[in-house]
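This report is meant for someone looking at the structure for the first time. The sequence and the model come before the description.

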2 protein chains.
Amino acid sequence: MKVAVVGLGLIGGSMAIELRRKHFADEIIGVENDRLNAEAALKMSLVDRIEDLDTAAAESDILVIAVPVGAAVKMLPHVLDIYAREGKDCNRTVIDVCSVKEAMVRSVHYHPMRSRYVSTHPMAGTEYSGPWAAMPGLFDGRACIFCNTEESDNRAVRLIEKLYDALNMRPIYMNASNHDVHTAYISHISHVTSFALALTVLDKEKDERHIFDLASGGFSSTVRLAKSNADMWVPILSQNRDNVLQVINTYIDKMQQFRDAIDAGDEDAIRSLIEQANKIKRIIR
Amino acid sequence: MKVAVVGLGLIGGSMAIELRRKHFADEIIGVENDRLNAEAALKMSLVDRIEDLDTAAAESDILVIAVPVGAAVKMLPHVLDIYAREGKDCNRTVIDVCSVKEAMVRSVHYHPMRSRYVSTHPMAGTEYSGPWAAMPGLFDGRACIFCNTEESDNRAVRLIEKLYDALNMRPIYMNASNHDVHTAYISHISHVTSFALALTVLDKEKDERHIFDLASGGFSSTVRLAKSNADMWVPILSQNRDNVLQVINTYIDKMQQFRDAIDAGDEDAIRSLIEQANKIKRIIR
């Protein structure tokens, strides 16, 4: 099996590592616009060779789009155009791994080669980026969401299920629009709250030494995602705009409830908010 | 050295473990109102015996107040009253470990035995509570803040510095009012943002299975502090009210900047906010 990975960052690089390690891929072709990242990926043997997108699409059995969603949404129709040149017998499959799905599936909804695309979101990551951040085991035991599989060729879906099975991921199926609501609540908002926390503290604590000295484990854990890369997160927040706005509004409302309860010195109200929040214990270990 | 620990929870229990392990204390007396916690602490040999507060205060060289700040602020003057009965030669020292300090030092500012009190805040913790949460190594390498040491007896301060040195903590000195500003920004707000995040997600995701399936490492890390105990956090947020309100207002303002930038589809503004937030990388590893 020949696999091409476009974008050799944290996700693309980690997939390359695992697909080779599990013998799912015999050859891995890399596509990477950043020269330094491309050279690093070759040097670390993440990929066997670097090609341009068109060559990689025409030569691979599976092409994985692992670039930020703003670029991915333009790249996907282009890859299906390349497949279209092979005609109806084209047996290649393209997937993307973006964390916004509605914009992706919409971009090729009417494309004649739509069925060669399988829309997936492996729910894994760290706050680091680039080929140096790639690591084995990143996907192990996590969920991978498959969206709108009814629009994809059946055998293509089965093949991609095997690919994620090789990464030891659990498949979950839902439509793209539900996916985007859930990820806004469970992933995207966490990043916005971390960014806002970092901004708040940096604003106040001009003396960085104090932050360094005083930061407890709790602060570090809450602010960790604020290290996340703008190249990845600007397009996510734009592409999932409506859902993200709704959850930010709900979130601001909760913060205002805390503020009002503290302002009023209403300890019962503060306790009630905290005890409701504590219910997250039942779900998150 | 006889040490009494009042409140055998995460912090009190962990101190008891370490002070014995490092041979700082020959005997550890526990004071604990909750019968189950008291029995557990005895059974786990966290303490040698359980006494009431007055006995413990009259028999220990050092008494550590490790109860929530709302109770601590009432307990501290009472302990100094007990010391006062011994007269001027009383050589005992009381400390507290609360994460709000201004209310503590204010409660005994004019007490004739004020100098026997050393105000400290070991910056360590987890989201768990109770004697079962006590663990060795909790304090290792972390900062311990000493407040208003000029109001304490010199030798008492030296003794407590030795106590925290036995826990392998780095001392930092500042006045109580600065302490409360810094902890509002670096610790208390993290808890409020986590509580609000948990409330937001629980509100939306009535189907808890989805949260469980979809929660990435990032969400778990950001929401971790939402498991924190109301008995501890209600008094912290009340006692540090003014500082906490100020930081919540700044924080809501930052969230609104994100909302407005996303709403306007202004990718440059979103990028600028994220890149400013990324500066936290320089400080938090």
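The text below covers the relation between the chains, the salt bridges and the nonpolar core.

**Two copies**

The model is a predicted one. Chain B can be laid on chain A by a turn of 180° with a shift of 0.0 Å along the axis, and the RMSD is then 0.0 Å. The two copies are therefore related as by a two-fold rotation axis. Within chain B, the C-alpha nearest that axis belongs to B:Thr222, at 2.2 Å from it. Both copies use the same surface, since 100% of the contact residues of chain B recur in chain A.

**Salt bridges**

Side chains of opposite charge can pair when their charged atoms come close. Over all chains, the count of salt bridges comes to 42. The table gives some of them.

| Pair | N to O distance |
|---|---|
| A:Arg259 and A:Asp260 | 3.9 Å |
| B:Arg49 and B:Glu27 | 2.6 Å |
| B:Glu127 and B:Arg224 | 2.6 Å |

The salt bridge between B:Arg49 and B:Glu27 links distant parts of the chain: B:Arg49 is in strand β3 (residues 49–50) of chain B and B:Glu27 in strand β2 (residues 27–31), 22 residues apart.

The side chains of B:Glu127 and B:Arg224 also meet in a salt bridge, and this pair lies 97 residues apart in the chain. B:Glu127 is in the loop between β6 (117–122) and β7 (143–147) of chain B, while B:Arg224 is in the loop between α9 (217–223) and α10 (230–239). Is B:Glu127 buried or exposed? With a relative accessible area of 8%, B:Glu127 is buried, because the cut-off for that class is under 20%.

In chain A, A:Arg259 forms a salt bridge with A:Asp260. A:Arg259 counts as partly exposed, at 23% relative accessibility, and A:Asp260 counts as partly exposed too, at 45%. Elsewhere, a network of salt bridges links A:Lys2, A:Glu27, A:Arg49, A:Glu51 and A:Glu59.

**The nonpolar core**

In soluble globular proteins, nonpolar side chains tend to be buried together. Which residues touch the most other members of the largest nonpolar core? They are A:Leu63, A:Phe219, B:Leu63 and B:Phe219, out of 153 residues in that core. The element that gives the most to this core is helix α7 (residues 176–204) of chain A, with 14 residues.

Leaving aside neighbours within four places in sequence, B:Leu63 is in contact with several residues, including B:Ala4, B:Val6, B:Leu53, B:Val79, B:Tyr83 and B:Ile95.

Definitions and conventions: Residues numbered from 1 in each chain as written. Chains lettered and ligands numbered in written order. Predicted model: local features only at pLDDT ≥ 70, side-chain atom pairs only at ≥ 80, totals over all residues. Heavy atoms only, no water. Least-squares fit on C-alpha atoms with pLDDT ≥ 70 in both. Contact = heavy atoms within 4.5 Å. Salt bridge = Lys/Arg side-chain N within 4 Å of Asp/Glu carboxyl O. Buried < 20%, exposed > 50% of the residue type's maximum accessible area, 1.4 Å probe, protein only. Helix = DSSP H or I, 4+ residues; strand = E, 2+ residues; numbered from the N terminus. Core = buried A, V, L, I, M, F, W, Y, C linked by side-chain atoms within 4.5 Å.
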